[in-house]
Amino acid sequence: MPVKSYKRIASLIAFVAPAFLFYALFLLIPTLGGMFYSFTDWNGLNPNYSFIGLGNFIEALREDPDFVNSLLFTLKYVLFMVVLQNGFALILAVFIESKVRTKGFFRTIFFMPNMISTIISAFMWTFVFSQVLPQIAEKTAFKFLDQLWIGDPQVSFFSIIIVSLWNGVGYMMIIYLAALQGVPQSLKEAALIDGATPLQTFRSVTLPMITHAVTICFFLTLNGAFKVFEVVYGLTGGGPGRSTQVITMNIYEEAFSNNFRYGYASAKSVILFVIILIFTFIQIGVMKRKEVEA
Amino acid sequence: MKRMSKGLLCSLLAATLLAGCGNGNSGSNNGNAGSTSGNDGSSGTAKSVTLKMFIAQPRFKEHYDKYIADFVAKEKADKNIDVSVQLEMPTADNASQILKTRLASNDAPDIFAIHAVNEIPSYYKAGYLEDLSDQPFAGKLLDSVKPSVTTTDGKVVALPLETLSWGYLYNKTIFTEHGLTPPTTLTEMKAVVEKLKAANVTPFVLSYKESWIPQLVLPLAVGSMVKTKNPDFVAQMNKDEGSFSEMKSAIFDVFDLINENGTAKATEVGGDDGAAAFAAGKGAMWLQGPWYAETILKSNPDLDFGVAPLPVSDDPNATLINLSASTSLAVSPTSKNKEVALDFLNYVLDDQASNAFFQALKFNPVATIHTYESYPWINDATAYVKEGKSVQDPAIPQAVKDEVGKGLQAYYAGQLSQDDVVKALDKAWKSYNKVNK
């Protein structure tokens with residue numbers, strides 16, 4: 001028995017070690033390093049730096065309105081994205097699932113934007129917003145299309161949401177599709193015989209049966225929305241001014257352009273990490289409780 | 001059995017990967033050892049030296065390769081040293097990150113390129129730049145160029161390659177058509193604007209999508225004020241004493257004039273789109289430097305444009321061309337082959353070879369030995385410089401420049417007032433002082 005368990009551990013290590021080694025080397029150690037630097041005033045260049053305790057954290061939350069504003073903007077973005085991305089993905093999945101013949105075609109069509117890299121789709125949409133839509137407005141009667149889509153701080157938030165959704169909905173849709181296919185046909189038929197309307201069936205049978213997919217999708221969208229960078233970078237660059245600056249962009253700016261305050265930027269990243277951690281824990285905790293087994 | 005072989009394969013793979021890394025390290029170590037032992041070699045046999053260079057201009061690789069080959073031949077002939085050069089040319093985007101990592105980990109290249117105005121102060125403070133004041137090349141530098149590679153305590157620490165003399169760009173064809181000349185005061189500028197508007201020409205191309213473009217008005221305004229009314233502005237700001245409220249009218253009078261008479265949708269037009277609009281004659285003037293010349297000529301090779309100083313007030317003496325330097329070569333003080341590295345730097349401004357090199361790279365003349373014919377817009381600017389209508393790029397911290405770009409974008413979009421921008425700038429400079437004290 002002891003020999004056997006030793007063997008099992010050995011084979012476990014043998015399989016895990018290579019992956020873990022790279023994981024540790026390229027993710028774990030740099031992460032811990034970043035946390036270490038968040039307590040210093042290192043500028044990324046000077047070999048000398050000193051520990052300043054929690055100074056960076058206090059400054060970020062108390063004396064840095066740009067950081068707080070970018071945090072609020074990110075929260076607004078997260079809220080819109082989590083609701084809209086999951087809503088659209090679920091609706092699309094349900095519609096596609098009901099089309100027996102053209103299922104494959106629509107699935108491919110809606111998933112396609114996901115295969116384009118985010119930054120490229122952001123540049124594509126920049127072109128659409130600044131060139132194509134005004135041209136359409138000129139040629140047709142849709143005058144409302146001719147406006148500042150990404151240059152006006154009021155509108156650019158929604159432009160960012162549109163591009164993010166266009167890019168991200170397909171992936172969530174695939175997950176929901178997979179979950180919908182796992183709902184036993186017998187339950188639906190039973191509901192039908194009991195006289196339930198399609199809407200009732202969806203709410204009381206289908207939805208509870210796919211809660212595990214909802215958990216995963218919420219987790220993914222929540223995480224992804226907090227870490228949004230490329231879409232905003234490609235579309236508005238955080239501008240005009242800082243009106244569409246998200247938190248990752250604020251961190252990037254602090255570390256690589258302003259005063260090269262690596263230590264301070266690391267502290268901000270740690271704050272972001274903690275925020276995501278808390279939100280994710282709450283979300284998983286709440287949703288796990290609602291999951292049911294077939 | 002199958003599992004066993006898989007495990008074996010995995011560990012084999014990991015082992016080869018690690019071995020690969022190991023080999024790489026030992027290889028480079030050998031290289032270092034070779035070069036140091038070469039230094040100690042007796043004078044009779046040819047010494048061999050490996051020189052590491054780091055120049056983030058991959059688009060000029062051929063020119064550099066050729067020039068380095070000439071240098072190697074010269075060094076062999078003059079001093080009997082076999083030089084082999086490892087030239088590293090990362091793209092400009094991540095070059096400064098790579099260089100910083102190298103310097104911080106004591107793996108400094110012997111010669112490296114940095115940005116003169118933005119990077120020299122912090123690199124010099126960290127002790128990464130060798131003092132080059134007594135090198136022969138330092139005496140050859142033009143007086144208009146030298147200050148940008150000189151530290152605050154008067155040491156020349158780099159050799160400038162790319163230099164800039166700029167104000168704004170204007171379309172010469174449009175100007176001659178309407179009988180205009182570049183204005184020297186703000187009132188004259190207003191008259192020019194009115195005349196252009198009366199002739200249905202949009203006076204200015206606006207391109208504020210990238211925040212560094214509206215930012216350009218700051219060095220011009222501050223430079224003018226530093227040369228005329230506020231000579232101590234930068235020093236005061238560095239001591240936390242000054243305020244940008246002194247600069248308010250210099251910055252905003254002309255910025256407002258430009259914005260009121262510019263093309264539409266400025267916050268959606270980037271630099272390249274702006275260049276295309278300017279090349280197509282959609283505006284008579286563009287707040288931009290001649291570094292966009294290549295892009296402009298690509299979209300309209302026949303465009304006749306010039307560089308002129310931007311008026312910021314009604315004092316014609318405050319209408320000045322801005323002089324600054326960007327890519328510059330520096331030597332690491334920890335270099336093991338400093339002698340050869342310095343030889344190379346002096347060779348860059350060699351009396352015979354340098355002329356053709358700078359001309360091929362399309363750089364502006366930086367030294368007295370440069371006699372080649374340069375572009376018309378550079379001649380325009382040089383004419384102003386010769387009249388004394390120029391000022392050294394004021395040493396505004398990069399953080400403040402970034403802030404002003406964002407601030408002026410928001411000001412254009414109507415989100416900030418002039419006072420908000422001034423306040424944000426003061427704050428940015430103060431926090432720069434705090435971080436870099």
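## Exercises on a predicted model

Over residues 157–179 of chain A, the chain is 100% helix and 0% strand, with the end C-alpha atoms 32 Å apart. The model is a predicted one.

**Exercise 1.** Find what UniProt lists for residues 157–179 of chain A, then describe residues 116–137 of chain A.

*Solution.* Step 1: check the record. The unreviewed UniProt entry lists residues 157–179 of chain A under "transmembrane region". Step 2: turn to the model. Residues 116–137 of chain A are 91% helix and 0% strand. Their end C-alpha atoms lie 27 Å apart.

**Exercise 2.** Decide whether A:Gln245 is buried or exposed, and find its side-chain partners.

*Solution.* Step 1: locate the residue. A:Gln245 sits in the loop between helix 10 (230–235) and helix 11 (247–256) of chain A. Step 2: apply the cut-off. Buried means under 20% relative accessible area. A:Gln245 has 3% relative accessibility, so it counts as buried. Step 3: look for polar contacts. The side chain of A:Gln245 makes one of 3.3 Å with that of A:Asn250. Another, of 2.9 Å, links the side chains of A:Gln245 and A:Glu253. Step 4: look beyond four places in sequence. There, the contacts of A:Gln245 include A:Ser70 and A:Phe73.

**Exercise 3.** Work out which strands stand at the edges of the 4-strand sheet in chain B.

*Solution.* Step 1: read the order. This open sheet runs 7-8-6-9, with mixed pairing. Step 2: pick the edges. Strand 7 (204–205) and strand 9 (305–308) of chain B each have a single partner strand, so one side of each lacks a neighbour in the sheet. Step 3: examine one pair. Strand 6 (residues 168–171) and strand 9 of chain B pair in the antiparallel sense over 4 bridges. B:Asn171 stands opposite B:Phe305 of strand 9.

How values were computed
Residues are numbered from 1 along each chain as its sequence is written. Chains are lettered from A and ligands numbered from 1 in the order in which they are written. This is a predicted model: local features need pLDDT of at least 70, side-chain atom pairs count only at pLDDT 80 or more; totals for chains, interfaces and linings use all residues. Side-chain values use heavy atoms; hydrogens and water are left out. Helices (H or I, at least four residues) and strands (E, at least two) are DSSP runs, numbered from the N terminus. Buried means under 20% relative accessible area, exposed over 50%, partly exposed in between (1.4 Å probe, protein chains only). A polar contact is a pair of N or O atoms within 3.5 Å; within protein, one must be able to donate a hydrogen and the other to accept it, and residues adjacent in sequence count only if both atoms are side-chain atoms. Contact means heavy atoms within 4.5 Å. Two strands pair if DSSP finds at least two bridges between them. UniProt positions are given in the numbering used here, feature names are shortened, and annotations may be inferred rather than shown by experiment.
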